[in-house]
Amino acid sequence: MFDRQDIARALHRYIGEAEGFQNALAKVMASPALVELRPEMVRAGGAEGDPGHDHGRVIESARYSTREMVAIERDMAVSADRMAARRDHGVAWRHVTAAVARQDAAIRLAGGAGLAAEQVAAIEAVTGQERIAVVVGLAGAGKSTMLAAAREAWEAQGYRVHGAALAGKAAEGLEESSGIASRTLASWERSWERRSDRGDGFDKLGPKDVFVIDEAGMVGSKQLSRFITEVDLAGAKIVLVGDPEQLQPIGAGAAFRVVAERVGIVELEGIRRQREAWQRAASVDFGRHRTAEGLAAYAERGAIQFEETGEAARHAIVRDVMADMDARPAGSRLVLAHRRADVAALNDAIRDARQARGELTGELVYQTSEGARAFALGDRVLFRENNRELGVKNGMLGTVAQASEGHLSIRLDTAQGPGLGGVAQGSGGSQNRWNGHGGRAVSVSMADYAAVDHGYATTIHKSQGATVDRAYVLASGSMDRHMTYVAMTRHRDGVVLYADRSEFSDLGALTARLSRSQAKETTLDYDRAGYAQRRGFALRGTESEIVVPAGMRAQQVPESLRGNLGSLRPTRDQDATGQRSTPKRGMFDGLKLSTGRPSAEAGLGVGAAQVRADPAARLEQAVERYARAWSDIGLMRAESLPVLDSQKQTLRDAGVALDEVRPGALRDLRAALAYEPATQRAMSELQGRERAAQLVAGIKHEERVNREPELYAARLVKVCQRLEARHEQLGGWDQAEARGKVAAELKSIAGALKRDPQLESVVRAQVKTLGITPGSWLGRVLQAPTVERAISQSIGRDLGQERGMEL
């Protein structure tokens, strides 16, 4: 997706002459290959007194894509929907329970705590009957462990299980951790192309196949669409595993996210990688758009270090890495940076430090694909290309076990790290320290494979999926929240973030830069009918700024009133203070969560099994999640701080999840918060299960309001009284437009009330109880003999009529 400025920037790189540039831009904009996904969007108009009151200002430019991409993503959506509806790939319960039992026993035998309840629920979900399943798991949540048990269950049922990932290293990791034979997506595509050329059945999928794609969040729309449609045509099953908040696809589109929104997900939220509870909580923050909170947790514990210059920051990393090598020679570690220039500088600096200590002697110089590189016994090595003969993948790390002219023998790292420390003989009899008992050894001839580099530091992109004991991260202005999330969650024991004070003046500046979202969109995000409403914008038009929550569901509410009070209901794009927000498309906006969602909220103290079995527990869980997001925004406003986009998005996501558990619950909760003091107090003063129980009670009360005419009438009166008070407050000449909108709302209600004799009689019967005075606007509406007279009543008090009501 792109806008006119993106097109202009691309053309400007090739056309410098002004007239030629304008002609080319006009030609592109008129091209039939171009599709407008969303027209230019303008502000509908802020409330008077609001500094942002600039009606008509362009908020978002028109967005475009190509006809090819629209067709690709449409076909992907059609296949995903069809596969979600088909239920012919189930696994017998006995196979699932047996696989879970064996995997749990293996974990406990190795000293672990066994499978978590949410992992068991995920295994049950992916082995279900649907031909497509999506697993969203936070970094370090145990996705691979879950897949190992699922593979066993699938195979016991007679399915063939295949694995794939975008990167060779990720495919290797999937195979090593889950036992699923895996290779890269590109390898699968090449095999299908060869199959088509030969007309044979090599790598042909069929109804007895299950195809698992790991790290699916990194796959662009064009590539993921091909795999989904291929699996669909073959009658096979596809399982997508990933996290859309980690590194974004290199290609166009965020296909994994949009497929998850369409077919539903099973989610793994419990972090198992980090050993410290506060680090696990921080990992959840990073994965839930709360980058500021995640960074704050590490800053409070001294794990964010500011240095005066970039060189000083790199020097601090080298110092700490060398100290860690001394203290834990058998430990594993990663040094991470986003910019390749930083990676190269860190590699050189760490290697120089080792040489200065006499650890790397007898080095030999090799011509690699990256240029001339010197390697010695004990050097760390990074493989930069996949090679089937050697059995290495791009991003793999190892340690030089032997160096000779034109050849390197390299001991590969295992999932546990480089292995145990040792001492080996270098050329000339020197002793070099190295981690000598790692994984398998590979012999590399530089004449056949020269894609190696020093492996002390690597890019954040190459680290996704990796797990080490400690990580050392160099911050840069080019990082966003997705890279920060990946970089800050690779460790088991600890991570330190190093920042150049000349680039980031303080923690606030660092947080602001590293919290930026670069989340990608798809053409499927642009539902033209609902797009403007979801974002609080108007398509070259306006909408009312008067939005009063009322929670009036169309059940036993009089038919004549339903349409007229629709605008009084809280909209989905209101934040915790009732103000209309203007968010971008969220990670799971519109998500249809699967009924087997396993996660349990720690604040409720509810187990995952109980949540799955008890609808009331599921509702409390969803309500508490929404309450926490609401409270976070309230705290920001209480401190006069700007509400972060991530906090707004978290609130919207929680609202979607709440409605999935109980349709209409979000609307009812907002209405209760608007009108019920007990619900308001629960939200602001209580916590955990007690708060959730009170909020659920508020939701249930709103359901009674919708069913019982007397309660509904009382609510209607409250709405009218609030609107009338608002009208009286808008007395200035510069507030005429807003005052007119309030008047229009009231007149609409007056007309609906007078057209419904039953509702009017209920209101009349409670005049004294509801506090309707003769001089009030509503009192005059009730006394009006006709609809026309009711609508024509002036807004505001008529003191001359304060003389009692004969109703």
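**Notebook: a core, a helix and one alanine**

I began with the largest nonpolar core of this predicted model, which holds 30 residues, and I noted that L753, V763, I772 and W777 touch the most other members. I then looked up which helices supply at least two residues each to this core, and found helix 23 (665-675), helix 26 (709-729), helix 27 (736-754), helix 28 (757-765), helix 29 (767-770) and helix 30 (777-783).

Next I turned to helix 25, residues 688-707, and checked its length: at 1.5 Å a residue its 20 residues should span 28 Å, and I found the end C-alpha atoms 29 Å apart, which agrees. I listed its buried residues as G688, R691, A692, L695, V696, G698, I699, E702, E703, V705 and N706. Looking down the axis of helix 25, I saw that these buried residues fall within an arc of 160 degrees, so they line one face of the helix. I reminded myself that an α-helix has 3.6 residues a turn, so residues three or four places apart point the same way. I also asked what covers the buried residues of helix 25, and the answer includes helix 21 (615-638), helix 23, helix 24 (677-685) and helix 26.

Last, I looked up A171, which lies in helix 7, residues 168-178. Is A171 buried or exposed? I noted a relative accessible area of 0%, and because buried means under 20%, A171 counts as buried. Setting aside neighbours within four places in sequence, I found A171 in contact with A165, S182, R183 and T184. For one of these, R183, I recorded a separation from A171 of 12 residues in sequence and 5.2 Å in space, C-alpha to C-alpha.

Note on methods. Residues are numbered from 1 along each chain as its sequence is written. This is a predicted model: local features need pLDDT of at least 70, side-chain atom pairs count only at pLDDT 80 or more; totals for chains, interfaces and linings use all residues. Side-chain values use heavy atoms; hydrogens and water are left out. A nonpolar core is a set of buried Ala, Val, Leu, Ile, Met, Phe, Trp, Tyr and Cys residues joined through side-chain atoms within 4.5 Å. Buried means under 20% relative accessible area, exposed over 50%, partly exposed in between (1.4 Å probe, protein chains only). Helices (H or I, at least four residues) and strands (E, at least two) are DSSP runs, numbered from the N terminus. The expected span of a helix is 1.5 Å times one less than its number of residues. The arc is that of the directions from the helix axis to the C-beta atoms. Contact means heavy atoms within 4.5 Å.
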